Amino acid sequence: MDTALNTALLLLVLLQAKHMFADFFLQTPRMLAARSTYVHFGRAEHAFLHAILSFGALKICGAPLGFSVVLCAVEWVAHYHIDWVKGYHSERKKHGPTDAAYWRAFGLDQLMHQLTYIGMIWAFARYAF
């Protein structure tokens with residue numbers, strides 16, 4: 001297997017692991033509160049946590065510093081908005097964990113994050129390798 005593919009797969013695994021920790025283990029009550037409010041420090045902090053952990057994953061895979069900073073800034077903005085749309089939609093519709101629509105929104109939210117990682121891996125392969 002060639003080095004580029006090995007590195008891309010390693011980056012995918014690292015991004016998946018960081019996503020699990022940042023979304024499911026490291027969220028604080030402030031990050032989870034008032035999810036439908038657009039300007040929200042907790043959501044900004046949550047998205048920043050994702051960006052910092054992604055920065056570590058990129059550096060482990062040998063990405064250049066400047067590239068990593070720019071890519072993680074883009075991820076921060078994307079993650080912030082993906083989470084806001086889900087929170088806004090869920091609160092506006094009054095969906096909770098017992099509603100199928102809640103889980104559809106949750107699944108779409110997670111898909112959007114995963115597609116963000118595919119885009120990050122593509123950018124890494126295209127511009128940083």
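Visitor: Which helix gives the most to the nonpolar patch?

Guide: Helix H1, residues 3-24, gives the most to the nonpolar patch, with three residues. A helix here is a DSSP run of H or I with at least four residues, a strand is a run of E with at least two, and both are numbered from the N terminus. The model is predicted, so local features need pLDDT of at least 70 and side-chain atom pairs count only at pLDDT 80 or more, while totals for chains, interfaces and linings use all residues. Residues are numbered from 1 along each chain as its sequence is written, and side-chain values use heavy atoms, with hydrogens and water left out.

Visitor: Which residues form the nonpolar patch, and what makes a patch?

Guide: Its members are Met 20, Phe 21, Phe 24, Phe 25, Leu 26 and Leu 53, which together have about 560 Å² of accessible area. Patches are made of residues with over 30% relative accessible area and no salt bridge; like charges are joined within 9 Å, and nonpolar side chains (Val, Leu, Ile, Met, Phe, Trp, Tyr) within 5 Å. The areas come from the Shrake-Rupley method with a 1.4 Å probe, and for residues only the protein chains shown count as cover.

Visitor: Why is Phe 24 called partly exposed?

Guide: Phe 24, which lies in helix H1, has a relative accessible area of 47%. Buried means under 20%, exposed means over 50%, and partly exposed lies in between (1.4 Å probe, protein chains only). The value of 47% is in between, and Phe 24 is therefore partly exposed.

Visitor: What are the terms for Ala 34 and Lys 94?

Guide: Ala 34, in the loop between helix H2 (29-32) and helix H3 (41-60), is partly exposed at 39%. Lys 94, in the loop between helix H4 (65-93) and H5, has 69% and is therefore exposed. Neither residue is a glycine, yet phi of Ala 34 is near 50° and that of Lys 94 is about 60°, both positive values.

Visitor: How many salt bridges are there, and what makes a pair a salt bridge?

Guide: The count comes to three. The rule asks for a side-chain nitrogen of Lys or Arg within 4 Å of a carboxyl oxygen of Asp or Glu. Side chains of opposite charge can pair when their charged atoms come close. For Lys 18 and Glu 75 the closest N and O atoms are 2.7 Å apart, so the pair meets the rule. This bridge joins distant parts of the chain, Lys 18 in helix H1 and Glu 75 in helix H4, 57 residues apart. Lys 18 is buried at 6%, and Glu 75 is buried at 2%.

Visitor: How do you know that Glu 45 and Arg 30 form a salt bridge?

Guide: Their closest N and O atoms are 2.9 Å apart, so this pair is within the 4 Å limit. Glu 45 in helix H3 and Arg 30 in helix H2 are 15 residues apart, and the pair links distant parts of the chain. Both are partly exposed, Glu 45 at 25% and Arg 30 at 45%.

Visitor: What does the salt bridge of Asp 83 and Arg 35 tie together?

Guide: Their side chains meet at 3.2 Å, N to O. Asp 83 lies in helix H4 and Arg 35 in the loop between H2 and H3, so the pair ties together parts 48 residues apart in sequence. Asp 83 and Arg 35 are both buried.

Visitor: Is Tyr 80 buried or exposed, and which residues does it contact?

Guide: Tyr 80, in helix H4, has 7% relative accessibility and therefore counts as buried. Contact means heavy atoms within 4.5 Å. Leaving aside neighbours within four places in sequence, Tyr 80 contacts Tyr 38, Val 39, His 40, Arg 43, Ala 44 and Ala 47.

Visitor: At what angle do H3 and H4 pack?

Guide: They pack at about 145°, with their axes 8 Å apart. Axes are lines fitted to C-alpha atoms, for helices over the stretch in contact, and angles run from 0 to 180 degrees between N-to-C directions. The contact includes Ala 44 and Ala 47 of H3, and Glu 75, Tyr 80 and Asp 83 of H4.

Visitor: How do the axes of H1 and H5 cross?

Guide: The axes of H1 and helix H5 (residues 100-128) come within 10 Å and cross at roughly 145°. Among the residues that make this contact are Lys 18 and Phe 24 of H1, and Tyr 117 and Ile 121 of H5.
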